[in-house]
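Visitor: I have a structure to look at and some questions about it. Could you take me through them one at a time?

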Amino acid sequence: MPSVRSFFALAATALLSAQAASAAAPAFHNDHHDHEHTVNRRLPGSWHHPEGHPSYALFRRGDAPTDGATYAAIGTPEWSANYPKQKPDPAQLPKAWTDALDAAVKAGKIPDIPPSTLNGNPVYPNGLDPNGDVVCSATYKCRNKGDLWDAPDGVFAASFDDGPLDTSAPLYQFLKDNKVTATHFMIGSNIMWNPNEFKMAFEDLQSDIAVHTWTHPYMTTLSNVDVVGELGWTMEIIHNSTGGRLPKYWRPPYGDSDNRVRAIAKEVFGLTTVIWNQDTEDWSIGQPGGATRDKVNSDLQTWITGPKSPGLIILEHELTNNTVGAFIQAFPLIQQNGWKFMSLAELDGSDVYQNSPSSTGQVTVGSVGIPVDDSSDAQSSSGAASGTSAGGSKPSQTSGGSSASSGASGSGTAATTSNTAKTTGAAANGNNNNAAASAIGSGLLTSLSALVAALVLS
């Protein structure tokens, strides 16, 4: 079982290599941010037992509450048939999404900023300053007050990008063994191609699931309607695969967002934009001119042993053995240096999803892309959604851009955040009394994992 062996090796590294230079673990693939994210990378077969196996009931947690609708089973042809196989076609978007975009544009809520072009970094036409108030490009470190960049003082906000992949399994197992959860910014097409890993993240780990677009493009280079497609289909597959939950957070690939893109995310889908304050560049390990595993290890150690103000939001990936192994090796330092380990989506102490407090909490019926309602200003700032019963309808593939938003029959309304976005990460509040309690896994369990690894690999 290659995945089990990989995990044991990584766990052993985390304990036994703290004082020694770590040799780079062999990667499953040389992934990097410019590779094609829609390719099916699954290993042959499945890394875990099928659901019918007697051992499955020993480890799987109880089924999470749903919104009452009937959705196709994850991983079935009926389930995958609902989503684009490649780049989303703007002519095939549900009408509810395009109507929401049109309404937001008409209301003046979407800045009229032209798309960027790539010349190393995004470049804007007509001499527009990417650091100015009009554009405010996150690539250039311009901080929009509604974006989340920093964790509260003393908090290590755990998150991982680009999953789910076959290389995610050792990370998920490590998080489960240490009884901690994280926020996973998932690529929609990767969910479609790797349903078993998605099920482990959501059903077994009860992790917090967030949006990382459908195909991982530079978002500021896209038209308004293409931005809607990248976000909408990712929200839709998460909604239809989590019992109706609507993600609350998204992270732009490469950190490429500006005032136009973040406004579409917020006004059309109710999403808060998340960036980071430290970048491991772990995705580039093994690439020409990229980071080395030793450099990533060193940076993580420096940040974790350094100042606790502001708290840490570190960009990390679940792409390869090296990206996962770097986190596992650094994990003991988080507890040793007094950090409060939290899933990023739990930082503000409110609901993790727009319509559910968590991956195990009750779900209020809601649909992806319900147009922003001005009355939402008087409603819950957590973005809880409400609406009519989904009536047990199954999501279906839209065509011609004329279908209503799938996932619920009938009409519904969504209570979204105020048009003036609040800083959900409580970056300015170092005394966040609502933060969840710290949960760092016991040293005994990790030591046992290392001992078993030594026996297996001997």
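Predicted model: local features only at pLDDT ≥ 70, side-chain atom pairs only at ≥ 80, totals over all residues.

Visitor: Is strand β3 enclosed or open, and how many of its residues are buried?
Guide: Take the two faces in turn. V155, A157, S159 and D161 lie on one side and are buried; F156, A158 and F160 lie on the other and are buried too. Strand β3 (residues 155-161) is therefore largely enclosed by the rest of the structure, with a buried count of seven of the seven.

Visitor: Which residue of β9 stands opposite F156?
Guide: Strand β9 (residues 312-315) runs parallel to β3, and two bridges join them. At F156, the residue opposite in β9 is L312.

Visitor: Which residue of β5 is the bridge partner of T183?
Guide: Follow the strands across. Three bridges pair β3 with β4 in the parallel sense, and S159 stands opposite T183 in β4. Strand β4 (residues 183-186) also pairs in parallel with β5, over four bridges. There the partner of T183 is D208.

Visitor: Which residues of β5 point the other way from D208 and A210?
Guide: Strand β5 covers residues 208-211, and its residues D208 and A210 point one way. These two are buried, as are the two that point the other way, I209 and V211.

Visitor: Is S241 buried or exposed, and what is its relative accessibility?
Guide: S241 is found in helix α8 (residues 224-241). Leaving aside residues up to four places away in sequence, S241 touches I74, W79, F198 and F202. Buried means under 20%. S241 therefore counts as buried, at 6%.

Visitor: How many aromatic pairs are found, and how are the rings of Y83 and W233 arranged?
Guide: The whole structure holds 13 aromatic pairs. For Y83 and W233, the ring centres are 6.5 Å apart and the planes are at 80°. Planes over 60 degrees apart give the arrangement its name, so this pair is edge-to-face.

Visitor: How far apart in the chain are Y83 and W233?
Guide: Y83 sits in the loop between α3 and α4, whereas W233 is in helix α8. Both Y83 and W233 are buried. Their separation is 150 residues.

Visitor: How far apart in sequence are the parts that F160 and F327 tie together?
Guide: Their ring centres are 4.9 Å apart with planes at 85°, so F160 and F327 form an edge-to-face pair. F160 is buried at 1% relative accessible area, and F327 is buried at 2%. F160 lies in strand β3 and F327 in helix α11 (residues 321-336), so the parts tied together are separated by 167 residues.

Technical notes
Residues numbered from 1 in each chain as written. Heavy atoms only, no water. Buried < 20%, exposed > 50% of the residue type's maximum accessible area, 1.4 Å probe, protein only. Pairing = 2+ DSSP bridges. Contact = heavy atoms within 4.5 Å. Phe/Tyr/Trp six-rings, centres within 6.5 Å; stacked < 30°, edge-to-face > 60°.
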